[in-house]
Structures are given as structure tokens and as C-alpha cells.
Amino acid sequence: MIHHKLIDGLRYREDGIPVICLSPNAPRSAIEATAEDFARRMEKAAVFVFENLPVALDGEGSIDLPGLEAEEQEMFAEGLIPLPFETCWFETSVTIAPGHREIFGFLVEQLPGSGICVRALRTMQHAQAIDIDGHLVREYGDLTGEVWLVLPATDGKGLTIDTRDPLNVGRTRAELTGSDYARRVSGETGFVGWLTLMLSSRSTQVDRVPAPDKLNKQRIKRGRVPIAPHTMVSIIPRDVAARMRADREDAQGQLRSSPRLHWRRSHRRTYASGKTLVIPRLLIGYRNHAGAEIAPAQYRIDLSEPA
């Protein structure tokens, strides 16, 4: 978990992960104010660390992120897929290449009524040190200052995204790299919605990790923010993920002829009382290379208490 390291980097600069805002035009005072605001909000957040995600590389240097389907977007717009807490920190890592890992960090806040506010802070980890503004670093956080409001569309069909880029980092970078800014924002906000949805899936495995009391006493003495308790979330339960890795090794990576994941799609369920709930996607089976079906355990998730 890098949550506490990022807070140190945002707030103290000399500790934790260096936080860098790549914008030659942004005033230093604006960057520092953005970092302080981000750190303050992170301290209030319930922390969720996601692992075993069905994320793939597209072969062209980009990441294929899961997102919400059209019907799920409608459910989200109707307020049927709320955050478990008013403010959440979602964190998950993706291996891009040997020695190169990217950690997605999303600060997500529930808006009054329906909709969420998303602030992103991506962290890069490289096998070899690289030069960033004259500093050789292997690990750094990329704070752009962007704020994305994911709201119900005015026509009542799906969602709309209000993109705010006060430091003009996101759009400037897209112009420099030739990337599609709108596609990036849509992909990452859709990913946040998918993570929110999958928190309630019966096949998602959730484990509580308490705060390290001994280490926190030392941090408090040094004037640092204590490390928060957090929740480990496995979208693909660990036992299934372990068997998938073993099957892949046994079959020399040839598992294409057998469906490795099978999700039962999300749907609404309306009860006699008139109350409507969302039944999230459910991982209902996996056949290994030998044809044997693996059914994941059914987990009952209680998110009523902070991590």
C-alpha cells in the first residue's frame, strides 16, 4: 500500500514518494496548494487496495481497463451504485513490463444525490532510475490537479463527465503526446465506477488489515500522519487466481481454448416492497486447461464499518 507514502510525499516533500506535477506554466504556489488539498482529503478517506484485477495491455502501450456497461451506467446514474463511504481511496497496480509498474490511485468522493468526484494520482515505478526535472528517481507520483465530476446525464441516459483541469496539465500533456484526453478520462472514471460496483459482488474477496499500532506510534512522534487501516479487495478471489497461475504454467500459457473467467452480468432486482437493488457482476466459474470447473467461494461483504 502506498497511501501513506503518498501523503508524506504530498505534504512533506522530502519524505515518501516524490510528487511531481509536470506543468511548466503552473505557479509553484498553485501546485503546493493542490498537493496540500489532496493530502487533506486522503487523510479522511476509507482505503481500499484492489488486487487480482482482470486488466490487460492492448499491445500498443496502453491499458485496457474494465468499465461500466450501458445498463450499469444507468444504475449508477440512478444512485443504485453508491460509494461505501463518503470519501474513498482506491488503489491498484498494473505491471506494464518487467520492472515497470504503474499504481492507479483514485480519491473518490460521493456527491450529494447521485454522482461522484474523482481525483487521480498515478504512481510510476521503474527498474532503472530516470531523470525527472534534474532528479534521478525510480518511483514518483504524477499529480495533475484534475477533478472529474461523474454525473447523471441531463437527458436521463447514462452518465456525463465534467472535466476540470485547473493547472492545465491533463490537456497540455495530451496535446504533447498526441493522446486522446477524453478517452483517457472516460476510461479512468469508468474504471472507478467498475471498482465501486465490484465491491458489492458476492464473489469479491475482502480482507481487513488493521493499522500498525507500533509503527504508528513512531510516526506520530515524528509528527507524521498515522498509517490508516485498509481493506484488501480481490476481484478474482485469491484461490482462483492462484489456480489460474498454476494452470497457465502447467499448460505453457495455452489457456485460450478454455474460458478463464465467466461473469454473470449485473442486473436490477425489484422487491415486493418496491425497493430496487443492483446485483453486481458475479464470477461464477472458471475451467482450467483440463476442463475442471472451479467455482469461487461466495463471500458476504460488510462495508458498514470503515476499513
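**Entry 1: the pocket lining**

I started with which elements line the largest pocket in this predicted model. Which one gives the most to the lining? I found helix 5 on top, with nine residues.

Next I looked up the space in the largest pocket and got about 1200 Å³. I counted 45 residues lining the largest pocket, and the closest to its centre are R122, D180, R183, R184 and E188. Then I sorted the lining by type: 18 residues are nonpolar, 16 polar and 11 charged.

**Entry 2: strands 9 and 10**

Across from V150 I found I161 in strand 10. The hairpin of these strands has six residues between them, and there I spotted G156 with a positive phi near 80°.

**Entry 3: R219**

Last, I went to helix 6 (residues 213–221), where R219 is found. Is R219 buried or exposed? I read a relative accessible area of 7%, and buried means under 20%, so R219 counts as buried.

What is R219 in contact with, once neighbours within four places in sequence are left aside? I noted H4 and D8, then R224, V225, P226 and I227.

Methods: Residues numbered from 1 in each chain as written. Predicted model: local features only at pLDDT ≥ 70, side-chain atom pairs only at ≥ 80, totals over all residues. Heavy atoms only, no water. 1 Å grid on protein atoms, 1.4 Å probe; cavity = no way out; pocket = protein on both sides within 12 Å on 5 of 7 lines; lining within 4 Å. Points joined across faces, edges and corners; volume = space filled by probe spheres on them. Helix = DSSP H or I, 4+ residues; strand = E, 2+ residues; numbered from the N terminus. Nonpolar A, V, L, I, M, F, W, Y, C, P; charged D, E, K, R; others polar. Pairing = 2+ DSSP bridges. Buried < 20%, exposed > 50% of the residue type's maximum accessible area, 1.4 Å probe, protein only. Contact = heavy atoms within 4.5 Å.
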